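This briefing covers strand pairing, helix packing, the chain interface and model confidence. The sequence and structure come first.

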Protein chains: 2
Amino acid sequence: MALIVQKYGGTSVGSTDKIKAVARRVIECQKQGNQMVVVLSAMAGETDRLTAMANDIQKIPNLREMDMLLSTGEQVTIALFAMAVKEAGSDAISLLGDQVRIRTDRMHTRARIRDIDTTLLKKHLDAGRIVTVAGFQGVDDDGDITTLGRGGSDTTAVALAAALGADACEIFTDVEGVYTTDPNICSQARKIDHISYDEMLELASLGAKVLDIRSVGLAKRYNVPVHVRSTFSDNEGTWVVEEDRIMESMLVSGITYNRNEARITIKKVPDQPGIAAKIFLPISDAGILVDMIIQNTRDSHLTDMTFTVMRNDYARAMEIVKKVAEEIGAESVTGDESIVKVSIVGVGMRNHSGIASTMFQILAKEGINMMMVSTSEIKVSCIISEKYTELAVRALHDAFALDKDNVPLEEE
Amino acid sequence: MALIVQKYGGTSVGSTDKIKAVARRVIECQKQGNQMVVVLSAMAGETDRLTAMANDIQKIPNLREMDMLLSTGEQVTIALFAMAVKEAGSDAISLLGDQVRIRTDRMHTRARIRDIDTTLLKKHLDAGRIVTVAGFQGVDDDGDITTLGRGGSDTTAVALAAALGADACEIFTDVEGVYTTDPNICSQARKIDHISYDEMLELASLGAKVLDIRSVGLAKRYNVPVHVRSTFSDNEGTWVVEEDRIMESMLVSGITYNRNEARITIKKVPDQPGIAAKIFLPISDAGILVDMIIQNTRDSHLTDMTFTVMRNDYARAMEIVKKVAEEIGAESVTGDESIVKVSIVGVGMRNHSGIASTMFQILAKEGINMMMVSTSEIKVSCIISEKYTELAVRALHDAFALDKDNVPLEEE
C-alpha cells in the first residue's frame, strides 16, 4: 500500500463541479490501494477577492490579519472537498494547518515550515479516510495563523510528503508537465518525462508556472519524488526526482527565459577594495534583489560594474545607484529595461565542456549580441536584447535537439 | 473604565465601507474610556453563499465539514475589521473561537458553549487593543470547529460579556430596538426602553428579529445587561435587564404573534392513562416540536386532543398522527394551517389578575373566535384564525395603551 500526497491548485478546484471531479479522481486512486492525503488551494479567484477587500480597507494590510483573512480560502475548499468525497461514498476529513499542527516561524505572509506533527494524519489515514489538508497555511508558536506565500500549497504538499515519508507527491495543475521551453514561443517544446531537482531549480521561470520553486528545494532535501501532471487528463506528467534515478540525462534539459530583469551599468568606478560593498549595500538595504553582477576592469584604476535587478525595482535601484555613483566618483550610470535573460540548463553540463561556447556560437550565428554572461555548474545564462527572446529560444532549442526524446549523452 | 462587548450583525458589516464605519464607531467608544470587545457576524449574504455551495456538493452536508465551511465567514469579517481599526489609527487584534478558547460541546451546527478562557482576551485588552472575536463559532475537545447555529453571534457576545464580567453587551442591528409589537402591522408600535429578561424571552417572535432568544436566556442567567440598538443611528435602543432594574413596569409590555403554527385535533380519543404519551412519543421521535397542547374531556370515556406544531412540520406530523389515531381507535383527525398565535406579555401580570379576561373581551368585541388558549405567569396566548392577525394585534395594542410611554402600574 502506497501513501500518496496530491495537491490540486486553484483552477482545479475552481467550482463545485470541479471539486466533485477531483473527489472522484482521488477516490479512484484510493481504490487502487493507496492511502491519500490531498492538499488543496483556494478556489480560483478567491485569494484575489479577499486581497481586494483588504486593500480597500488598509493601505498596507497588516500581515497577521492578512493571514487570518487569506487562510479562509483553503478552509472553504477542504470543507467542500470532504463533503464531495463523502457524497461519492468514501470517507474523508478536512484539517487546517493548525489542526494538523504544521508549525511555522512567525513571518506572516511568508512563513517557513518548522515541523509537522503526523500523529493525527496517520490516525485518520489508518482509519481509511481521505485526509484533506488546507494548503498554504500553518500556525506559529503563539497560535496565530500564518501563510507560506504564493505557491505555498505546493510547499505544504511536499512538506507533508516528507514528514509522512510518502511514496510520491503529485502536483496537479492545468498543464501536462514541465516543458523543454515555453510552448507559447517555441512550438517544438516537448514535455520532459524526468528531470532532476537541481535542473528544476534552475528552470525556475519555466517551472514556476507549474511548481513553486521553494517546494523543489524541499523535495530535494527530503528526496520526495514529485510528479507534476494535469488535473484534466490521465497522462503521465513530469517526474522531478534525484539525479541518480534518471537513466539517460540530457546534455541540456531545458531552455528558460526571464523578461523580468533590467540592467544597470556604472561606468568608470574607482577600483578600490570595498567599492562593491559601497554600491550594493544600499541596494540590499532597500530590499532590492540583485541577480547577475559583472565587473570589467577598464584600466588599472577604473572598472565598469554591471548588474541586473527585477524590472519593477529598476526605478528605485537607479535612484539609489545614481546617488552612490556620485559619492564614489564614478563617471556615469546607464540602464536598460529592454533585456531578457536566456538560460540553458542541464545536469549533463557537469561532465561536458564546451556547452557554453556552443551556446555563444548559436547566438552569434543569429546575429544576437550578448551583454552579460554568467555560468553555474548546470546552467549558462546570457543577457540579450529583449527583442531577440523568441529567436534565441527557438535557435537554442533546435541546436540542442530538445525536440527529440531522451537523446542519451553517449550519442553526442 | 468600563468593559463593553459589542456585537454587529451581518448587515452592519455587509461591505468594506460598512466595516470601516463600524471601526470608527468602536474607536469612538474606546476613546470615551472603555475597553472594547467586538463580536462580528459574517458579511451579509456570505453564509448563504457558502451554504449554497455545500448543498450543491452534498445532499445532506456533513455537519462537521459544514462548521469548517461556515466558520470562515466570521473569520473574514474579523480580519478586515482589525485592519480597519488599525488604518483608523487604533490597535486591534482578531481572534477565532478556537484561539480565545470558546469551548463547546460536539454538537456541530448547533453547539452549546461550555466555558470561555478569558486569559488571552484580558491580555490584549490590558494592552489597549480592541479585541475582535469571530461570532458563531467555538472549538470542541477534539479541536474541531463548531458553530452555534443561526443567531449564534448574539450568544457569543453575551457569553463573552458574562465570562469577562462586562458592564454591558450591546447588540447592534438594523432596527432601533424592541417594539411593543410589529410596526409593520401596527403603526402605533412604540420602542421599548427597558424590558426584563423574562419578558424578552416570552416576546420571542418580536425579539428574534433583533436578538437571538438563546442569548437572552444566557444574559438572564449571568445577569448581563443587554442593549439592543441600531448600527445606523446613535439613539438609545432597548435595554434588556433584570426585572428589579426596571423602575416602572408595564402591565403588558408587548404583543407578539406567530404565523408559523398549525393546529392538529384528534377527536374522540379513548381517555385512558398513557394515551397522551402514545400520541406524542412518535411525534417527538420524529424531531417535531409541539407547542400548545389542549385536552377537552368530551364525555366520561372520550376526549379531544388539540395541539400545534411548526407549520413546516405540519404534513409530517399529520401523517404520524393519522397512523397513531387509527391504532388507538380515535374517531378522526382534523387540522388547520391558517392559524396564528397572538400573545400578550408583561411581568405586571404576575401581580394583576384579570389580564387574560380583558384580552378575551377585546377579541370578542372584534368578533374574533379563540380556538385555543394557554397562559403562563407573564403571558397569555390565543390561537385564532390567521386572517384576524392584524385586527387582533391592533385592538390589543390599543386596549392595553402600549402606544403610551411607561404607564405605571399604579395608574391602572
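In this predicted model, Ala262(B) has Val309(B) of β16(B) as its bridge partner. The two strands concerned, β14 (residues 261-270) and β16 (residues 302-310) of chain B, pair in the antiparallel sense over eight bridges; strands count as paired if DSSP finds at least two bridges between them. Helices (H or I, at least four residues) and strands (E, at least two) are DSSP runs numbered from the N terminus.

Numbering and thresholds

- Residues are numbered from 1 along each chain as its sequence is written, while chains are lettered from A and ligands numbered from 1 in the order in which they are written.
- Local features need pLDDT of at least 70 and side-chain atom pairs count only at pLDDT 80 or more, whereas totals for chains, interfaces and linings use all residues.

The antiparallel sheet of chain B

- The strand order in this open, four-stranded antiparallel sheet is β15-β16-β14-β17.
- β15 (290-299) and β17 (332-336) of chain B are the edge strands, each with a single partner, so one side of each lacks a neighbour in the sheet.
- From one strand to the next the twist averages 15°.
- Helix α10 (residues 275-285) of chain B lies across β14, β15 and β16 of chain B, at about 145° to β14(B); axes are lines fitted to C-alpha atoms, for helices over the stretch in contact, and angles run from 0 to 180 degrees between N-to-C directions.
- Helix α11 (residues 314-328) of chain B also packs on the sheet, touching β14, β16 and β17 of chain B, and its direction makes about 0° with that of β14(B).

Parallel pairing around β1(B)

- β1 (residues 3-8) of chain B has five of its six residues buried (20 or more other C-beta atoms within 10 Å of the residue's own, with C-beta atoms placed from the backbone).
- β1(B) runs parallel to β2 (residues 35-40) of chain B, joined by six bridges, and Tyr8(B) is partnered by Leu40(B).
- With β9 (residues 168-173) of chain B, β1(B) pairs in the parallel sense over five bridges; Gln6(B) is partnered there by Glu170(B).

Interface and confidence

- Between the chains, 28 residues of chain A are in contact with 28 residues of chain B (C-beta atoms, placed from the backbone, within 7 Å).
- On the chain A side, α3(A) gives the largest share, 13 residues.
- The predictor gives the complex an ipTM of 0.83 and a pTM of 0.84.
- Chain A has a mean pLDDT of 91, with 96% of its residues at 70 or more; pLDDT is the predictor's confidence in each residue, from 0 to 100.

Key
Two residues are in contact if their C-beta atoms, placed from the backbone, lie within 7 Å. A residue is buried if 20 or more other C-beta atoms lie within 10 Å of its own, exposed if 12 or fewer, and partly exposed in between; C-beta atoms are placed from the backbone.
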